[in-house]
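Welcome! Take a moment to look over the chain, and then let us work through some questions together.

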Amino acid sequence: MNKFWVIALDVYKKNIKSISFLIMILVPFIASGAFYLIGYFADGMNSVDKIAVYANEPAIAQTFVDQSGDDFEFEIVDSKEQGQQQLADKDADALLVITASGDTLQGELLSESSMGQALELTIQQLLTGLQSSFRASELGLTAEQVAVLSEVAPLDRQKVSFDENVEMTHGEDNTAMQSLVSMIATIILFFFIITYAQIIAQEIASEKGTRIMEVILSSTRAQTHYYAKLTGVIMVAATQLVAYVAIFGGSYFWIKDNPMVKDLLANFSTDGIFGPFLVFAIVFVFLGILIYSVLSALCGSLVNKAEDTAKAIIPVTYLSLGGYMLGIVLGGMDPHNVVLRVTSYIPFLSSYIMPVRLANDTVGIGGALISVGILAVTTIVLMLVSAKMYKSNVLIYNDNGILATLKQSLVLMKNEK
């Protein structure tokens, strides 16, 4: 154990004191600050788009002028040709031609470049509203009657449950907040895997590239060296996570009065978050980081030199990206999808998928426990197998690629029995 901690602490201290670790800590805050500044200056420096409007009925064009806002300004022109001339002279950014025929409106937006979906949607809504008003007048409907017909029907979602007597009871719906937490957990998991897969593989491969593994293994067991390296890097990841918690916790006193934060906390339910859901989310993130770390270490032990680790961890990256996309995209669109139900029990993917299903209440505690058990057993088995293979892997120098090295390692491990 003394040798184990010497190696683990050496890896930990080396990474903690590096500039790259400080950059990893600061990157999320630098990125957030950059996005804030971009948004701030963009709001203050946005130019107003000028749209020339021509309609065969002047009242229609005037309606659009009355809808001018901070981002765009409509201006009436006397003819389509005048609008085209303004567009050619750069006096207008676009030309809107509206043709009214009975109770039907036809709009045509002319521009040299895209005006953006926001403006196009606004014009579409205005045209639709005017056309509805014309048709309502033809039918003899008043403005109040049109408003009644256009009124949106309310939809109130209620979470219910049933007891043994099939009696239904209403419960509190915390899926929105739980979905937000699961999304944050998914992003954290993906970020840590992508970041530390390279570091772990680099640590494992660094000494192999210097051809001193024979000396190291003469003074300590291969498994001890492997577990110590893995533990050291995981300690670095844990330190970074603790640093984020401390920073965000300390900054709460400065941001708690922010309107966005207030709105978020107003919908915050401690009963919906601080319970089994949060426990499972943390467990899945931890096991996800651990199993991908073990896989990264295995890939790192198969390369000849540290420079090849980027190629070696490509399977880790793609596998993690697949789980991330399933959790973020498909999980948000259709949490009942059969693909999610199946992948939530598959190791490597379940760390991303099961928290999403738990957040949407599409799986119970029993299903989550089964998924955790499968993931934990797979992680332990992979760790034991990779540690056993480590001694053979680090002593093999094969220029035919990772698969050839893996095949040779399996043969050597089999012969050792």
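The questions and answers below walk through this predicted model.

Q: How many helices and how many strands are there in the chain?
A: Let us start with the overall make-up of the chain, which has 417 residues, 37% of them counted as buried. Among contacts between residues at least 6 apart in sequence, 70% join residues at least 24 apart. Counting the elements themselves gives 18 helices and six strands.

Q: Which residues touch the most other members of the largest nonpolar core?
A: This core has 57 residues. Helices that each supply at least two of its residues include α2 (19-45), α7 (175-209) and α17 (365-393). Apart from this core lies another one, of 19 residues, with Val53 and Leu127 among them. Back in the largest core, the residues touching the most other members are Tyr196, Tyr226, Tyr292, Val316, Tyr352 and Leu358.

Q: Which residues is tyrosine 352 in contact with, leaving aside its neighbours within four places in sequence?
A: Tyrosine 352 is one of the buried residues of α16. It also belongs to the group that touches the most other members of the largest nonpolar core. Its contacts beyond those neighbours are Thr186, Leu189, Phe190, Ile193, Tyr292, Ser320, Gly323, Tyr324 and Gly327.

Q: Is threonine 186 buried or exposed?
A: Threonine 186 is found in helix α7. Not counting residues up to four places away in sequence, threonine 186 touches Tyr324, Ile328, Tyr352 and Val356. The cut-off for buried is under 20% relative accessible area. With a relative accessible area of 3%, threonine 186 is buried.

Q: What is the phi of phenylalanine 348, which is not a glycine?
A: Phenylalanine 348 is found in the loop between α15 (338-343) and α16. With a relative accessible area of 16%, phenylalanine 348 is buried. Its phi is positive, at about 80°.

Q: Where is the place of aspartate 361?
A: Aspartate 361 has a positive phi near 60°, in a residue other than glycine. Its relative accessible area of 35% makes aspartate 361 partly exposed. Aspartate 361 follows α16, and its place is in the loop between α16 and α17.

Q: Which helix gives the most to the lining of the largest cavity?
A: Rolling a probe the size of a water molecule over the atoms shows where empty space is left. The structure holds one cavity of 30 Å³ or more, and the volume of the largest cavity is about 80 Å³. Three helices, α7, α9 and α12, each supply at least two residues of its lining. With five residues, the one that gives the most is α7.

Q: How many charged residues does the lining of the largest cavity have?
A: Among the residues that line this cavity are Phe192, Val233, Ile289 and Ser293. Sorted by class, the lining has ten nonpolar and two polar residues. The number of charged residues is none.

Q: Which side chain meets glutamate 75 in a salt bridge?
A: Glutamate 75 lies in strand β2 (residues 72-76) and its partner in strand β1 (residues 49-55), so the pair ties together parts that are 25 residues apart in sequence. The bridge spans 3.4 Å, N to O, and the partner is lysine 50.

Q: How far apart are the closest N and O atoms in the salt bridge between glutamate 112 and lysine 90?
A: This is one of the two salt bridges in the structure. Glutamate 112 sits in the loop between β4 (104-110) and α5 (117-138), while lysine 90 sits in the loop between α4 (80-88) and β3 (94-101). Both residues are exposed. Their closest N and O atoms are 2.4 Å apart.

Terms used
Residues are numbered from 1 along each chain as its sequence is written. Side-chain values use heavy atoms; hydrogens and water are left out. A nonpolar core is a set of buried Ala, Val, Leu, Ile, Met, Phe, Trp, Tyr and Cys residues joined through side-chain atoms within 4.5 Å. Buried means under 20% relative accessible area, exposed over 50%, partly exposed in between (1.4 Å probe, protein chains only). Helices (H or I, at least four residues) and strands (E, at least two) are DSSP runs, numbered from the N terminus. Contact means heavy atoms within 4.5 Å. On a 1 Å grid over the protein atoms alone, a cavity is a set of points where a 1.4 Å probe fits but cannot get out, and a pocket is an open set with protein on both sides within 12 Å along at least five of seven lines; lining residues have an atom within 4 Å of a point. Grid points are joined across faces, edges and corners, and a volume is the space filled by probe spheres set on the points. Ala, Val, Leu, Ile, Met, Phe, Trp, Tyr, Cys and Pro count as nonpolar, Asp, Glu, Lys and Arg as charged, and the others, Gly among them, as polar. A salt bridge is a side-chain nitrogen of Lys or Arg within 4 Å of a carboxyl oxygen of Asp or Glu.
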